[in-house]
Amino acid sequence: MGYGLLAGAIVAELLATTSMKYSEGFTKLWPSIATGVGYVIAFALLAQAIKTLQVGTAYAIWAGVGTAAIAAIGVLFLGETLSLAKVAGILLIVAGVVVLNLGGAH
């Protein structure tokens with residue numbers, strides 16, 4: 001159940017962050033509202049997830065997957081460039097989450 005809530009928190013955070021891009025500095029109403037609602041949902045689900053998951057593990061997964069996914073969304077849908085440094089950074093984030101999980105953080 002905890003990982004399902006965590007997955008929901010990640011999806012909500014991805015939608016909120018993507019909406020933030022489209023809000024153009026909170027000058028567009030609907031993307032701005034979507035950003036706020038998305039983050040409220042993300043944090044509410046994350047708060048529920050850490051009732052059953054260790055906070056370090058949950059946060060590492062939430063932040064790591066969110067960062068990697070937003071970077072991919074930026075490249076695939078928002079016209080951002082992909083550099084070797086960006087790829088290396090994403091791989092290091094993913095490796096850190098894996099090491100936390102393998103290291104008995106759960």
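These legends describe close-up views of a predicted model. Local features need pLDDT of at least 70, side-chain atom pairs count only at pLDDT 80 or more, and totals for chains, interfaces and linings use all residues. Residues are numbered from 1 along each chain as its sequence is written, and side-chain values use heavy atoms, with hydrogens and water left out.

**View 1. Helix H1 spans residues 2-22.** Helices here are DSSP runs (H or I, at least four residues), numbered from the N terminus. H1 has 21 residues and reaches 30 Å from its first C-alpha to its last. That is close to the 30 Å expected at 1.5 Å a residue (1.5 Å times one less than the number of residues). Buried residues (under 20% relative accessible area, 1.4 Å probe, protein chains only) of H1 include Leu5, Ala12, Ala16 and Ser19. The buried residues of H1 pack against H2 and H3. Just after H1, Glu24 takes a positive phi of about 50°.

**View 2. The largest nonpolar core has 14 residues.** Such a core is a set of buried Ala, Val, Leu, Ile, Met, Phe, Trp, Tyr and Cys residues joined through side-chain atoms within 4.5 Å. Leu6, Ile10, Leu46 and Trp62 touch the most other members. H1, H2 (29-49) and H3 (55-77) each supply at least two residues of this core.

**View 3. Trp62 touches Leu6, Ala9, Ile10, Glu13, Phe43 and Leu46.** Contact means heavy atoms within 4.5 Å. Residues up to four places away in sequence are not counted. Trp62 is buried, with a relative accessible area of 7%.

**View 4. Phe43, Tyr59 and Trp62 form one aromatic cluster.** The structure holds two aromatic pairs (ring centres within 6.5 Å, using the six-membered ring of Trp). The rings of Tyr59 and Trp62 have centres 5.5 Å apart and planes at 45°, so this pair is tilted (planes under 30 degrees apart count as stacked, over 60 as edge-to-face, the rest as tilted). Both residues lie in H3, three residues apart, about one turn of the helix. Tyr59, at 47% relative accessibility, counts as partly exposed (between the 20% limit for buried and the 50% limit for exposed).

**View 5. H1 and H3 pack at an angle of about 40°.** Their axes lie 10 Å apart. Axes are lines fitted to C-alpha atoms over the stretch in contact, with angles from 0 to 180 degrees between N-to-C directions. The crossing is right-handed (near helix turned clockwise from the far one by less than a right angle). Among the residues that meet are Tyr3, Leu14 and Thr18 in H1, and Ile61, Val65 and Ile73 in H3.
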